[in-house]
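Here is a guided walk through a structure. Keep the sequence beside you as you read.

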Amino acid sequence: MLSRTADSLFWLSRYMERTDGLLRATSSHYILSLDSMVMGNMTWRSVLEVFTTLPNDEIATLEHNSFATLHALLTDVNSQSSLKVIVTRARENARGAQDHITKEVWEEVNALYHLLNQSNISDRQGEQDVIKMMLLFTQHSLLYTGVADVTMPRGLGWSFMNLGKFIERCLEILVLVDKHYEAINYNLNEENVIIQWKELLFSLSGYELHLKTYRGSRYNRNVLHQVLFNEDFPHSVLYSLSRIQKYLEDVVTEHHSPGSAELTRRFGALWSKVKYTDPTDIKSDNLKPFLESTKQDLLQFSTRLGQNFFSYQ
Amino acid sequence: MSSLETLLKEYTCPSGIWDEMCDEGAIRNHYQKLVSTFQQLDVPALQQKDLLAGELFMNQGITFTVYSDNKGIERIFPFDIIPRIITGKEWDIVERGIKQRLKALNLFLKDVYNDQQIVKENIIPANLVASCPHYLREVHGIKVPHDIYVHISGIDLIRGDDGNFYILEDNLRTPSGVSYMLENREVTKRIFPDIFAASNVRVINDYPLKLYNILLQLASTHISNPTVVLLTPGIYNSAYYEHSFLARQMGVSLVEGRDLVVDDHKVYMKTTNGLEQVHVIYRRIDDEYLDPLVFNPKSVLGVPGIMSAYRKGNVAIVNAIGNGVADDKAVYAYVPAMIKYYLNEEPILQNVNTYELSEPDARAYVFENIHRMVVKRTNQSGGYGMVMGNAISEEEWQKAKAEIEKDPRSFIAQPIIKLSTVPCFINGRFTPRHVDFRPYALCGPDGVEIVPGGLTRVALKEGSLVVNSSQGGGSKDTWIVDL
């Protein structure tokens, strides 16, 4: 496969996964923010910090204004991290790899792009149908995931797509978890009520699983276990890393080179670190360094992956 | 609410112009079946089909880029849902005419880049060839596989008021539009499944496979499993949709210049597994940008050194480099003479009368009769640089005239021909619009093959004769039917 094509498939998937994450987090936050009884002093700061690169002063001007924030997160073409820009980039990558994706996958990306580029899209944020609009985007994003799964041939292209998808997902989980635990000073010993973990769990589609799986009121620890170590939860760090490992193996099987061996070794170290960490060893004082070092290792792995397979310039 | 029957009755055939559906108010035989089926539909149903067609094109991203449009870079190629019908009998003449023409043009290219007998015998003036910007000395004497230069061509035809087809121009470099021909057919099948199935339309959808087979045959015979690629300028090119469509349909890699590298006179593509040799390149990049070491040094679209691999015969490039000399609009006037010279035959399809503006007498005649003329640049396509004498203001004409006088070799003129009209469904009504016709021909070691159909381009503006997509034109499906 052409290096450029592999790169495009990798980034198509990363951008589409980012689309999904951004939509889930934004709609969860928006819906919860409507319930002032529960979220009395809730602002958009955490979402803006995670999903945009805006400076602190701009965040301060936006955080209490839902409609301005939604514009910045969803439709602002001047923001490099808005949904509109992300989907445009996904589409550019899809176009660059159009001969390697199925017609159905292309049509889904294209349909979402055109939906976001409807002339009245900005107006709709100011109206009551903002939830409806986000739901529609989310449906398209889910449809893309399903269509890709059902129609894409399994092979190198599929493996690179999934590497992009799960690297993006894992990074997103690490940043979101860090942001939510930072809000409680990484205090794992206190017992916050479940309602305070709703936003994180909804953002990762894990609320129902939590209710079904975890018993007791040690929510701070239980939620952490779920989002980091629960291998049955598709939005956990360990699940994402396990998928990366699988697709990395598939790619490396077809590419025997010293670079591939080094990549496998480094990723093995990262995966083992998470897999064989005893969750009870994570304490209030080492949670932040754990999250940070995992994120840095993953970023380094992603860079090496690019150098090994996508260096075509 | 008016029924389609009423709308069809209201359709007025323009006088003095050949209408594809009507002959002095009566419906032509080959349109009878379509018309009688339409009479059973109502207007909202047809509008619904029109809407569906638009959605299909939009969702599939069947778009093209307009360079001079500041509003946005992508546009859907407008599609009119009413198919154009040509009889099998008429098609057979077109097919024979194009085959004959391509045979002569291939022989011309071989000759002009080797012995130049046609120039020595003064059939074509030497200065006409030498002054052609697309005549490339760099490819002189290069042996191409099977002596084929024009593998893929799109010959533009028009139908005059006498009902005969005429050749308007030859496109022998990187003709585009074939994907629209194929997609138009797919969309028509979706919106008119019953009418289509009952109409005995000749099949066109094997074009990509035919093309792929020709490309495979161009690789050296000692290579058992040649690698074929399609070279595109990239995702921002106006015809990128077509490039990706063809690559997908043929199952070949779609590469950009930056994906290729030349080493030891061989072309390789950069893959995740290292370098892999490429044997055949179907390029959709103009000659000028192909190799910055030989042609335009500023080109970032091409591949440095690719000419050396081509010269050594290590890679086949399709179409051959330097074909522009044969589809130059001034050389076009000499194609009938080529047919006579190389094949000793009379042309089956006639040219449109063409005046070379480098000839002082012809120039004076054209200037005097400009209101009846269209002036074209010899090296431009897509309708750019065209002067319609019947629609130009005095000020614009003076400006254009000055430009022509500065470099008359770069211009030709032709009398304005009233292209034939076809019914189009526009704003809920059937209304006549002018069309041309571009069939696509493939030339391989086994001869010339033309898929029975082509792209009918429509001038969507009322009365307009300019059909180019970049100038507000659209397209429609073209049915070759055996009655």
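Start with one pair of residues: Val374(B) stands opposite Gln414(B), which belongs to strand E19 of chain B. This is a predicted model, in which local features need pLDDT of at least 70, side-chain atom pairs count only at pLDDT 80 or more, and totals for chains, interfaces and linings use all residues. Residues are numbered from 1 along each chain as its sequence is written, while chains are lettered from A and ligands numbered from 1 in the order in which they are written.

Now widen the view. Five bridges join strand E17 (residues 373-377) of chain B to strand E19 (residues 411-415), and the two run antiparallel. Strands (E, at least two residues) and helices (H or I, at least four) are DSSP runs, numbered from the N terminus. Two strands pair if DSSP finds at least two bridges between them. E17(B) also pairs with strand E18 (residues 387-388) of chain B, again in the antiparallel sense, over two bridges. There, Val375(B) has Val387(B) as its bridge partner. Is E17(B) mostly covered or mostly open? Four of its five residues are buried (20 or more other C-beta atoms within 10 Å of a residue's own; exposed means 12 or fewer, partly exposed in between; C-beta atoms are placed from the backbone).

Move to another sheet of chain B. Four strands form an open sheet in the order E9-E8-E13-E14, with parallel pairing. Strands E9 (253-255) and E14 (316-318) of chain B stand at the edges with a single partner strand each, so one side of each has no neighbour in the sheet. From one strand to the next, the twist averages 25°. Strand E8 (residues 228-231) and strand E13 (residues 280-283) of chain B are joined by four bridges in the parallel sense. Within this pair, Leu230(B) stands opposite Tyr282(B).

A helix covers part of this sheet. Helix H10 (residues 240-250) of chain B lies across E8 and E9 of chain B, at about 150° to E9(B). Axes are lines fitted to C-alpha atoms, for helices over the stretch in contact, and angles run from 0 to 180 degrees between N-to-C directions. Two residues are in contact if their C-beta atoms, placed from the backbone, lie within 7 Å.

Finally, look at where the chains meet. The contact takes 20 residues from chain A and 20 residues from chain B. On the chain A side, helices H1 (3-34), H5 (83-96) and H6 (103-116) each give two or more residues. H6(A) gives the most, with five residues.
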